[in-house]
Amino acid sequence: MKTIRLTAAQAMVRYLASQMTEEGESFIAGMWAIFGHGNVAGMGEALAGIKDKLTTYRGQNEQSMAHAAIAYSKQLRRRRAMAVTSSIGPGATNMVTAAALAHVNRLPVLLIPGDVFANRGPDPVLQQIEDFGDGIVTVNDCFRPVSRYFDRITRPEQLLTALPRAMRIMTDPAECGPVTLAFCQDVQAEAYDYPESFFEKKTWYRRRPRPDEHELRRAVDAIKAARKPVIVAGGGVHFSDATEELKAFAERHRVPVVETQAGKSALPWDHDANFGPVGVTGASSANAVCADADLIIGAGTRFQDFTTGSWALFRYPERRILSLNVQPYDSTKRDAIPLVCDAKAGLALLSEALGDHRFSEFPANLKQAWLAGSDAITAAPKDANTLPTDMQVIGAVQRAAVDNTVVMCAAGTMPGELHQLWKAGRPLSYHMEYGFSCMGYEIAGGLGIKMAEPDRDVIVMVGDGSYMMMNSELATAVAMGVKITVVITDNRGYGCINRLQMATGSAEFNNLYEHTSQTHAMQIDFVAHAASMGARAVKVASIAELEIELEMARDAEKATVIVIDTDPYPTPDVGGFWWDVAVPEVSPRSQVNEARLRYETALKERR
Ligand SMILES: Cc1ncc(C[n+]2csc(CCOP(=O)(O)OP(=O)(O)O)c2C)c(N)n1
Ligand SMILES: [Mg+2]
């Protein structure tokens with residue numbers, strides 16, 4: 001056996017650079033790195049040595065670097081992924097939130113935190129926590145519940161089994177998620193005679209599992225027995241590249257489609273079968289179809305509470321759920337009839353098996369009524385003297401959008417209102433991280449999206465709160481020449497949580513700055529802040545100015561930040577559905593008691 005003597009870190013990066021996609025690109029599209037003593041000598045030397053084949057990027061925070069990596073993969077439908085390496089201790093734990101985000105959203109990312117010395121020579125090394133009763137616990141054990149595969153590399157030859165397992169998880173459609181390879185810092189530098197064959201190019205083909213024939217038959221029977229089915233299209237439709245099959249299915253069998261946050265843009269907004277966004281942040285049209293449906297057909301959805309209205313939305317008495325999902329875990333939720341398969345393959349086979357079976361006409365008028373209502377609230381304001389609403393900001397961005405625009409967001413007011421109001425055209429023109437809804441995903445995520453699809457116009461929507469939480473990858477985007485447009489809606493605090501607080505009967509408290517314990521009124525100059533990181537930054541005074549600046553941003557030479565003050569109180573008065581947020585059972589506040597009564601009534605609707 002021919003061998004080659006490499007350090008474990010050299011072997012790791014050499015292996016990663018040899019893993020290919022079906023399309024002939026390297027699966028790992030790059031490595032984000034912030035070095036410390038836990039990875040600079042081992043991983044750092046190895047990455048410098050392979051930089052022609054595997055590019056290393058330096059961001060500003062391990063969490064946001066991982067956000068960029070995750071967004072990159074989401075935008076590419078998981079075809080490629082990125083890796084992130086950190087030192088031990090704080091650099092490592094900074095990535096835990098990002099790991100959880102990738103875990104919830106079923107997205108691949110390879111996290112390589114440094115770890116303590118395997119040989120324990122320096123015990124305790126700088127930043128090592130000490131467990132009094134367990135000799136093998138390190139901070140990296142925090143990654144266990146938020147990784148789909150976790151391993152700790154304590155000997156160089158363990159890479160021979162750990163790395164192929166890591167690749168399998170990241171390329172497996174059902175088990176896809178974050179992989180953490182905690183890399184003991186002494187081991188990174190340790191040499192071993194690796195078989196040369198380990199570094200040969202390897203292609204990872206996409207698996208498209210077809211349904212079991214009995215499951216397929218039961219699914220066909222269930223659909224044929226239904227009178228009013230609806231398809232709930234989730235993120236799996238995009239991951240599987242099944243948008244054409246979904247459209248063909250909906251047209252041929254005339255089944256209405258509604259879209260989750262992750263599924264939005266599966267069908268164009270104006271397609272006859274698309275009844276719009278579903279659930280808590282849904283359209284009246286979609287929710288009416290769902291309330292009436294006797295068969296809910298999930299297509300690549302995990303049925304999270306925003307989709308199901310905390311399980312009160314699908315309220316037809318004898319309704320059943322059929323869950324087409326590549327992951328068995330999702331396929332049997334709420335006693336669903338399982339159809340375990342890839343969405344693209346499964347929808348095509350299901351359609352074939354259904355033959356000419358066709359349901360009655362799509363419900364009339366629902367969609368027109370919805371669009372009339374939503375168009376009214378996104379229209380440019382007549383009165384330029386009042387503070388714009390976030391809905392009007394969405395309208396402006398929509399009017400300024402072009403065919404290849406991707407609008408993205410993650411947390412705050414915007415995700416819900418974009419889900420409701422954004423008119424998505426082509427697939428993946430809408431990128432929402434709403435599995436974890438992580439404040440701080442936005443700017444780094446925008447960077448990742450633009451790296452994945454450099455030709456697309458990427459618009460990041462971010463609230464002032466999320467911007468304040470994490471913004472520093474803006475400097476990275478500017479430095480890397482990655483041109484994104486960031487729209488900051490400044491309502492001076494956490495507007496959406498403030499409204500939720502009021503809706504649950506509480507007084508306004510600790511959300512908007514004016515309700516916090518401050519002695520000097522918080523005033524943040526977002527333009528100066530963004531400009532200090534090298535971005536083009538402007539503040540606009542009106543919706544009309546916003547539209548002009550959005551056009552200018554498209555032709556600008558670098559990343560642009562546009563700041564607009566908005567009103568923290570108004571929300572769409574159309575669409576939407578109940579969401580289960582538990583209201584206190586006892587309280588001296590009468591408003592809380594009233595909210596509790598409403599809550600108890602609403603709970604009775606849950607199925
Ligand atoms: C990391 C993180 N912390 C807390 C939350 C809970 N949370 C959701 S939205 C929000 C406020 C967002 O404020 P902002 O970005 O200004 O948006 P707004 O609702 O004001 O438009 C908070 C605190 C979260 N989603 N993520
Ligand atoms: Mg805000």
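Ligand 1 is surrounded by 16 residues, and the closest of them are Thr413, Ser437, Gly465, Gly493 and Gly495. The structure is a predicted model, and the values below are computed from it.

By class, the shell around ligand 1 consists of five nonpolar, nine polar and two charged residues.

| Residue | Backbone atom to an oxygen atom of ligand 1 |
|---|---|
| Gly465 | 2.7 Å |
| Ser466 | 2.9 Å |
| Gly495 | 2.7 Å |

Taken alone, ligand 1 exposes 590 Å², and the protein buries 78% of that area. Two elements, α19 and α21, each give two or more residues to the shell around ligand 1. The most comes from α19, which contributes four residues.

### The largest pocket

Where does ligand 1 sit? Ligand 1 sits in the largest pocket. A molecule is assigned to a pocket in this way if more than half of its atoms lie within 2 Å of the pocket's grid points.

The volume of the largest pocket is about 1,200 Å³. Its lining is made up of 44 residues, and those nearest the centre of the pocket are Val280, Cys496, Arg499, Leu500 and Trp579. Several helices take part: α17 (413-421), α19 (464-469), α21 (495-503) and α24 (590-603) are the elements that give two or more residues to this lining. The largest share comes from α21, with six residues.

Two of these elements, α19 and α21, also give two or more residues to the shell around ligand 1. The leading contributor to the shell is α19, whereas the leading contributor to the lining of the largest pocket is α21.

Sorted by class, the lining of the largest pocket holds 22 nonpolar residues, 17 polar residues and five charged residues.

### The second largest pocket

The second largest pocket has a volume of about 350 Å³. A total of 20 residues line this pocket, and Val116, Arg120, Gly135, Ile136 and Val137 lie nearest its centre.

How many residues of each class line the second largest pocket? Its lining has eight nonpolar, four polar and eight charged residues.

Definitions and conventions: Residues are numbered from 1 along each chain as its sequence is written. Chains are lettered from A and ligands numbered from 1 in the order in which they are written. This is a predicted model: local features need pLDDT of at least 70, side-chain atom pairs count only at pLDDT 80 or more; totals for chains, interfaces and linings use all residues. Side-chain values use heavy atoms; hydrogens and water are left out. On a 1 Å grid over the protein atoms alone, a cavity is a set of points where a 1.4 Å probe fits but cannot get out, and a pocket is an open set with protein on both sides within 12 Å along at least five of seven lines; lining residues have an atom within 4 Å of a point. Grid points are joined across faces, edges and corners, and a volume is the space filled by probe spheres set on the points. Ala, Val, Leu, Ile, Met, Phe, Trp, Tyr, Cys and Pro count as nonpolar, Asp, Glu, Lys and Arg as charged, and the others, Gly among them, as polar. A residue is near a molecule or strand if one of its heavy atoms lies within 4 Å of it. A polar contact is a pair of N or O atoms within 3.5 Å; within protein, one must be able to donate a hydrogen and the other to accept it, and residues adjacent in sequence count only if both atoms are side-chain atoms. Accessible areas come from the Shrake-Rupley method with a 1.4 Å probe; for residues, only the protein chains shown count as cover.
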